[in-house]
Amino acid sequence: MIAVLLAFAVLPGVTAILEQPFLLDLALRIMILSCAAVSLNLILGYGGMISFGHAAYIGIGAYALGIPAYYGAYSGYLQLPLAIGAGALFALVTGFICLRTKGVYFIMITLAFAQMAYFAFVSIEEYGGDDGLVIDRRSTFTGIVDMEANLEFYYVTFAFLLGALFLVSRIVNARFGMVVQGAKSNEARMQSLGFDTFRYRLSCYVIAGAMAAAAGWLMGNYNYFFSPEMMSWTRSGELIFMVVLGGAGSLFGPVLGAVVLIILEEQLSGATVYWPLVLGAILVAVVIFARGGIDGAIAKLERRK
Amino acid sequence: MSAALLDVRGLNKSFGGIRATDNVDLTVRHGETHALIGPNGAGKTTLIAQLAGMVRPDSGHIRFAGRDITNLAPHARARLGMARSFQITSIFADMSVLDNTLLAVQAHAGHSYRFWRPVRGEARLTRPAMAALEQIGLAGKAAHGAGELSHGEHRQLEIAMALAGKSKLLLLDEPMAGMGAEESARMIDILKRLKAYKSMLLIEHDMDVVFALADRITVMVNGKTIASGAPEDIRADENVRRAYLGEETSGNA
Amino acid sequence: MEWILFVSQVLNGLQLGILLFLLAAGLTLVFGIMNFINLAHGSLYMMGAYFCVTLTSLLGSFPLAVLLSIPLTFVLGIAIERLVVRHLYQRDHLDQVLATFGLILFFNGAVHLLWGAEGNPIRLPDYLNGRVTLLAGIEIPAFRLAIIATGLMVAGGLIWLVGKTRMGMLIRAGASNRRMAGALGVDIKKLFTLVFALGAAMAGLAGMMIAPITEAYIGMGDDILIVALVVIIIGGIGSIRGAFVAALLVGMIDVMGRAYLDSFMKLFMNIQSAETASPALSAMAIYILMAGILYFRPRGLFPPKHR
């Protein structure tokens, strides 16, 4: 797992030597989506809250970048906090309603709310509606870093990924994380011990939403573009797959899952225009036959040694 | 006479047409071990569920440590000092034994909006947790996954968790359910030691245990309390004999 | 004139409601009886439409094509149940969500492969293309009337099936206590397959009926699936009655909201704000409705009793 991170760290050097700038692009996409997947893992893997609307936060983060940019406000000092704040707010409001429900209801309601956000943005013609809008400049952080420079942007993204992983690893082992995991394991018991599980879960949900919005901010910057498509439910489904594929509830699992899924998608869409057919079949097979994800499979292999 | 720690008045609960709790009165005094007995289906577990807050009574009042808790959420009652063990083991199976008790301690050690310090490094939490495990006899298995324990050990863990929080009242629902003779004997020892410094409301079927431990006994049949008082009085009570032992036996306690 | 427009919108809402019910009924039955969440239900809606496209051009008759496409979709439902769904009954909901999500991708790709990327229209026979005059001089498109009539018939048939027939009794028994029904000799496996296929057929029928209006296109089931999910959440998962009431409610609110919200908003804000905000708000209307209902009833309007 550390190997993967090391690989990301040295990649720019490697790609320069190999003259494959495409790899850099791929790595960027993987890292950004990993950030979002890591945040989803916090609530899904560790918290047992199966949110099928997590991509909404990516979209919100991107719009928090794009809308100010549309009006000429390119400062990262404005856009990033705005993204995080908007993500946190949406999570707070929707989470307040969603977390009163359990199980399948929760899954469907998070899906519905994300769809609501999707349609809301689609119908705002001013910001491109269905097609979205192009941004001409990335966030500016005058004096600190030049986001337009690809190399610097790469390392900013890498820093975010490291930050996300570090944050989650601390949270999970601290008191807060224990409560969230306990609530996943046996919520009734947690309540009878004295924990207000609703409040802690909601807080966790808000943190994850804010993190994913930050990922969305990165995504918008990367693409110079934002659109409602970024928050479609198929994207949310992909995120869940990354988490589950990599092994839900393990720290690096989502990163592994992102690597596998994105590379798989790249290969397939390059091979055939009917790639959803193949990918879909693979996903179905993986769910039916391979439980525990990649991390689980690796663990099994290690146990056999 | 010590003041009432727990005071239940006129509690009623019906499910559909069935009166699970029928005008129940019950008091548990400070420092006493109060046993709740009755045939299966008498409504004992439902009563505990209402005391703990998992089920809302239709009418009636519950006072705990001087406060009216009738409408309080389960977690709030736990914070006031009411600890509960479950009849059907309810632990955190995918966490370690130590973590299980850690959580119980953590619940009473301030808030949990701490994101930085690893919980297993907090002596303030791990020390009481280990102490509870030692009392129960599970200290050796602290690192084991809770799901790997035997049934008897599960029941012990249940008690350990009830102990680990700073609780004023323990609600123990059949702590020895499903235990073999040796494990039961160990559990009785633990309960005897607890008796000295904890107030307990204990649901139990084993009459020997009940008469050995209880300061007072309340008998429930069909949702009603038919008798309440000192063990000798209960033993001699006609209503109890008839309800519990049926018409067939005549005389023998 | 305003009045006629209003009635027209009401019928629009009714039409959407009926279609949603056809979709939601299968979804809620499958969940209620097999505890299985099927996101690929929208794909069955799509497949029904595509089967109908092909059969209409082969046979030259839309009604005939519908008649044949229904059993075809039913069989497809059986196939899916036996190949994929059956393996997932014991798994947790997350796995079911992921697997059926994979199925959505699969079917979208398959349709692309077999029918191409363009939308596929269906030609209606002339008698369905015209307008019909109802009382008070109100005219509605004949096809809309046909959709509403068909939908109501199927709804009635379903309620009769589940409520009054032996088959329906078996279904209800399986729903309320799976193990007991199995112990009593009901072939649970066959029952599950049947229920799934029935849901598939209804979804397919809904797809077939909308296709002449919207064309059959890739991914047509994906968005409406979510609306169907909203319907069963509002109605109460597992309840057919709930699905019916919720479907009509959602259909009405969606249509009326889009039609009248901006006029309503112009009553107390300036025209520009109303025109910017109202498309967004009317798109959000049904979700706001769902949120509101869930706040007071976290299990929907008609949650079925515990197993």
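How much area is buried between chain A and chain B? In this predicted model, the figure is about 2800 Å², and carbon and sulfur atoms give 60% of that area. On the chain A side, Arg175(A), Met178(A) and Arg189(A) lose the most area to chain B, and together they account for 31% of what that side buries. Here is a quick tour of the interface, with a word on confidence at the end.

**Who touches whom**
- The contact involves 26 residues of chain A and 38 residues of chain B.

**Polar and charged links**
- Between the two chains, 18 residue pairs are in polar contact, counting pairs with both residues at pLDDT 80 or more.
- Two salt bridges cross the interface of chain A and chain B.
- Arg189(A) takes part in a salt bridge with Glu158(B), where the side chains meet at 2.8 Å, N to O; Arg189(A) is also among the three chain A residues that lose the most area to chain B.

**The chain A side**
- Four helices of chain A, α6 (150–173), α7 (175–185), α8 (187–193) and α9 (197–223), each supply at least two residues of the side that touches chain B.
- The most comes from α7(A), which gives seven residues to that side.
- Sorted by class, the chain A side has 12 nonpolar, nine polar and five charged residues.

**Confidence in chain B**
- Chain B has an average pLDDT of 87, and 95% of its residues score at least 70.
- One stretch to read with care is residues 247–253 of chain B, where pLDDT stays under 50; for this stretch the model has four contacts beyond four places in sequence.

Key:
Residues are numbered from 1 along each chain as its sequence is written. Chains are lettered from A and ligands numbered from 1 in the order in which they are written. Side-chain values use heavy atoms; hydrogens and water are left out. pLDDT is the predictor's confidence in each residue, from 0 to 100. Contact means heavy atoms within 4.5 Å. Buried area is the accessible area (1.4 Å probe) that two parts lose on being put together, summed over both. A salt bridge is a side-chain nitrogen of Lys or Arg within 4 Å of a carboxyl oxygen of Asp or Glu. A polar contact is a pair of N or O atoms within 3.5 Å; within protein, one must be able to donate a hydrogen and the other to accept it, and residues adjacent in sequence count only if both atoms are side-chain atoms. Ala, Val, Leu, Ile, Met, Phe, Trp, Tyr, Cys and Pro count as nonpolar, Asp, Glu, Lys and Arg as charged, and the others, Gly among them, as polar.
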